[in-house]
4 protein chains.
Amino acid sequence: MINLDYKDGRSIHEQIEAGLKELIINGILKTDEQLPSVRELSVSLTVNPNTVQRAYKELEQEGFIYSVKGKGNFVASLSRANSERRRDELVESLVEITRELCFLGLEKTEAMNIIENIYSEREEML
Amino acid sequence: MINLDYKDGRSIHEQIEAGLKELIINGILKTDEQLPSVRELSVSLTVNPNTVQRAYKELEQEGFIYSVKGKGNFVASLSRANSERRRDELVESLVEITRELCFLGLEKTEAMNIIENIYSEREEML
Amino acid sequence: MINLDYKDGRSIHEQIEAGLKELIINGILKTDEQLPSVRELSVSLTVNPNTVQRAYKELEQEGFIYSVKGKGNFVASLSRANSERRRDELVESLVEITRELCFLGLEKTEAMNIIENIYSEREEML
Amino acid sequence: MINLDYKDGRSIHEQIEAGLKELIINGILKTDEQLPSVRELSVSLTVNPNTVQRAYKELEQEGFIYSVKGKGNFVASLSRANSERRRDELVESLVEITRELCFLGLEKTEAMNIIENIYSEREEML
DNA sequence: GTGGTCTAGACCACA
DNA sequence: GTGGTCTAGACCACG
């Protein structure tokens with residue numbers, strides 16, 4: 001389900017994080033569903049278990065998953081406390097990137113369209 | 001004018017880059033204006049000259065500044081070839097961030113407002 | 001495998017770059033093959049690790065190699081996005097050089113032969 | 001007649017060299033024609049005389065011009081001794097660049113066309 | 001072990 | 001004076 005690309009530039013744990021995040025965001029992994037164990041995933045990706053562990057830990061800090069000792073890792077619901085912090089961070093990035101795009105001549109209508117499309121995609125998905 | 005924060009996850013040269021980029025984007029540094037010399041800036045930020053040099057070099061590659069041997073570094077005009085590649089990268093980031101924000105429950109109207117405000121700010125500036 | 005010449009006008013990192021590029025172009029280093037580590041190469045060339053690092057980084061930007069943190073540097077496949085930009089640059093140089101050679105009296109047939117031979121060499125190689 | 005572009009990346013003396021070389025190659029400056037004096041050119045380009053001096057010196061070494069003490073600098077004829085060394089250098093560059101272009105997938109016919117066109121241009125010019 | 005970043009200080013080329 | 005390159009040696013992040 002997750003594709004690792006060594007040529008990607010991003011480190012392995014970042015790619016695993018991004019991959020899982022995408023599965024969660026797109027609803028393929030549902031709330032409270034159990035994630036593969038660290039060992040399982042490390043085997044199936046032929047990757048060091050430490051690397052998977054780290055991805056899980058960071059996803060937990062960002063509020064996407066929660067871990068239950070002795071049981072495993074599970075998909076969190078959106079209303080976790082941490083997700084607010086994450087949102088603030090993302091909004092900050094959004095502002096910075098849009099400022100630069102605006103400076104580089106991206107038209108407002110183009111920017112609006114990009115946002116528009118993402119929200120439309122999501123509505124169709126649900 | 002530039003604040004370095006050693007606790008910030010970003011590396012020093014990235015922070016310098018971001019700071020200068022902001023000054024350029026916001027029009028505080030005008031086209032063809034001379035930037036502080038590598039040595040000057042390194043002293044005023046109490047940072048190694050190599051680190052400033054690196055930030056300058058990367059800004060040059062991104063098309064924000066140009067360097068003249070023996071004279072100094074200067075703000076480039078925005079119509080440089082490189083800026084297209086940069087724009088594509090930024091649009092990609094914009095999409096990814098908005099997707100995650102959408103998932104985390106940011107309302108479409110809020111997202112639109114953020115974009116709206118940035119473009120309004122800029123118009124007033126000009 | 002790589003010869004450094006301090007009398008050569010080019011800087012050290014440029015010579016390292018050119019040397020590696022040649023090995024890649026001539027197929028001596030195959031796609032996804034691992035390059036010597038930064039430290040190894042720096043020792044075997046009796047050169048500072050930073051200098052090798054720089055050569056590697058620039059080769060990465062030009063799309064000849066890719067780097068994986070904690071693992072090493074590897075030969076990229078030639079179908080990278082960057083290579084188009086590189087091609088354009090090279091064609092421009094080709095034009096400029098040929099113009100000057102033409103002026104200096106190089107016969108068209110001689111120029112054609114040079115090109116011809118290079119392409120023949122390559123065909124035999126494959 | 002010569003355009004200096006501080007954003008060019010190349011150093012000033014290189015640009016002056018390239019500019020004069022082009023004028024000579026294109027026959028705008030004829031054999032044994034006198035070049036502007038160092039002082040004249042430095043004034044008209046608003047550039048340091050040392051910089052012009054250096055360009056002239058290097059053009060002389062490459063066999064494009066010759067200098068007569070107390071009189072000035074003049075366009076050389078093509079058959080100067082030095083021009084052979086220059087030709088060898090250029091052929092070497094030509095080979096290197098073509099090799100890389102070949103590797104990057106430039107078709108032989110495209111390469112041939114580029115050469116072809118340059119020689120045709122020149123014939124028309126004469 | 002690997003690559004990546006930073007510091008300290010030197011030297012060269014350019015204008 | 002300027003930018004550009006290099007060395008020596010340190011520290012961190014990654015797997």
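Figure 1. By class, the surface near DNA strand E holds 18 polar, six charged and five nonpolar residues. The model shown here and in the other views is predicted. In total, 29 residues surround DNA strand E. The closest of these are B:Ser11, B:Ile12, B:Asn48, B:Gly70 and D:Ile12.

**Figure 2. Elements that supply the surface near DNA strand E.** Several helices and one strand each supply at least two residues of this surface. From chain B these are α1 (12–25) and α3 (49–61). Chain C supplies residues through α2 (38–44), α3 (49–61) and β2 (72–75). In chain D the elements are α1 (12–25) and α3 (49–61).

**Figure 3. The side of chain D that touches chain C.** The contact between the two chains takes 28 residues from chain D and 28 residues from chain C. On the chain D side, α4 (82–103) and α5 (108–125) each supply at least two residues. The most comes from α4(D), which gives 15 residues to the side that touches chain C. By class, this side of chain D divides into 18 nonpolar, six charged and four polar residues.

**Figure 4. The two domains of chain A.** Chain A is divided into domain 1, residues 12–75, and domain 2, residues 82–125. Taken over C-alpha atoms, the centres of domain 1 and domain 2 of chain A are separated by 26 Å. How many residues does each domain of chain A bring to the contact? Domain 1 of chain A brings four residues, and domain 2 of chain A brings four residues. On the side of domain 1 of chain A that touches domain 2 of chain A, the residues divide into three polar, one charged and no nonpolar.

**Figure 5. Secondary structure and overall dimensions of chain A.** The secondary structure of chain A comes to five helices and two strands. Read from the N terminus on, the order of elements in chain A is α-α-α-β-β-α-α. The C-alpha trace of chain A spans about 50 × 35 × 25 Å along its principal axes. Chain A has 126 residues, of which 25% count as buried. Among contacts in chain A between residues at least 6 apart in sequence, 47% join residues at least 24 apart.

Key:
Residues numbered from 1 in each chain as written. Chains lettered and ligands numbered in written order. Predicted model: local features only at pLDDT ≥ 70, side-chain atom pairs only at ≥ 80, totals over all residues. Domains from an automatic or database assignment. Contact = placed C-beta atoms within 7 Å. Nonpolar A, V, L, I, M, F, W, Y, C, P; charged D, E, K, R; others polar. Near = placed C-beta within 6 Å. Helix = DSSP H or I, 4+ residues; strand = E, 2+ residues; numbered from the N terminus. Buried ≥ 20, exposed ≤ 12 C-beta atoms within 10 Å, placed from the backbone.
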